[in-house]
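Please open the structure in your viewer and keep the selection tool at hand. This tour goes from one selection to the next and says what is there at each stop.

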Amino acid sequence: IQCVMLTFKEPFGTEGRGGYFDNYGIIRDIIQNHLLQVLTLLAMEPPTKADGPEAGESIRNAKVQVLNAIPPITIDECFLGQYEGYTDDPTIKNKDSN
């Protein structure tokens, strides 16, 4: 496997979540909590135990191996953007947000 792309796309804007994203960041919410979970589940080696009382730790260890194998990214490798109309969300207090 040479490349795996995970794409997160929503067919709507912030839907009243803009204030939350401004305070905590969509990177922390979506990437850290959701996309990295999907990535590790797709890329991990089969865990040594998938059933029983030791399964949770075994699955966690397999996922951690994936994360440890990923080299750190730099800002030059990132593309940051914002939903169109993001600052129109009434929950955003900082209308100069970027």
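This is a predicted model: local features need pLDDT of at least 70, side-chain atom pairs count only at pLDDT 80 or more; totals for chains, interfaces and linings use all residues.

Begin by selecting residues 26-43, which form helix 2, together with residues 55-69, which form helix 3. The axes of these two helices come within 9 Å and cross at roughly 105 degrees, and because angles of 65 to 115 degrees count as roughly perpendicular, that is how helix 2 stands to helix 3.

Next, show the side chains where the two helices meet: on helix 2 select Leu-36, Gln-37, Thr-40, Leu-41 and Ala-43, and on helix 3 select Lys-63, Val-66 and Leu-67. The residues of this contact divide into five nonpolar, two polar and one charged.

Now centre the view on Thr-40, which lies in helix 2 and is buried, with a relative accessible area of 3%. Leaving aside residues up to four places away in sequence, Thr-40 touches Lys-63, Val-66 and Leu-67.

Then turn to helix 3 by itself, whose 15 residues reach 21 Å from the first C-alpha to the last, close to the 21 Å expected at 1.5 Å a residue. Select Ala-55, Ser-58, Ala-62, Lys-63 and Val-66, which are the buried residues of helix 3. If you look down the axis of helix 3, these buried residues fall within an arc of 135 degrees, so they line one face of the helix, and they pack against helix 2.

How values were computed. Residues are numbered from 1 along each chain as its sequence is written. Side-chain values use heavy atoms; hydrogens and water are left out. Axes are lines fitted to C-alpha atoms, for helices over the stretch in contact, and angles run from 0 to 180 degrees between N-to-C directions. Helices (H or I, at least four residues) and strands (E, at least two) are DSSP runs, numbered from the N terminus. Angles under 35 degrees count as roughly parallel, over 145 as roughly antiparallel, 65 to 115 as roughly perpendicular and the rest as oblique. Contact means heavy atoms within 4.5 Å. Ala, Val, Leu, Ile, Met, Phe, Trp, Tyr, Cys and Pro count as nonpolar, Asp, Glu, Lys and Arg as charged, and the others, Gly among them, as polar. The expected span of a helix is 1.5 Å times one less than its number of residues. Buried means under 20% relative accessible area, exposed over 50%, partly exposed in between (1.4 Å probe, protein chains only). The arc is that of the directions from the helix axis to the C-beta atoms.
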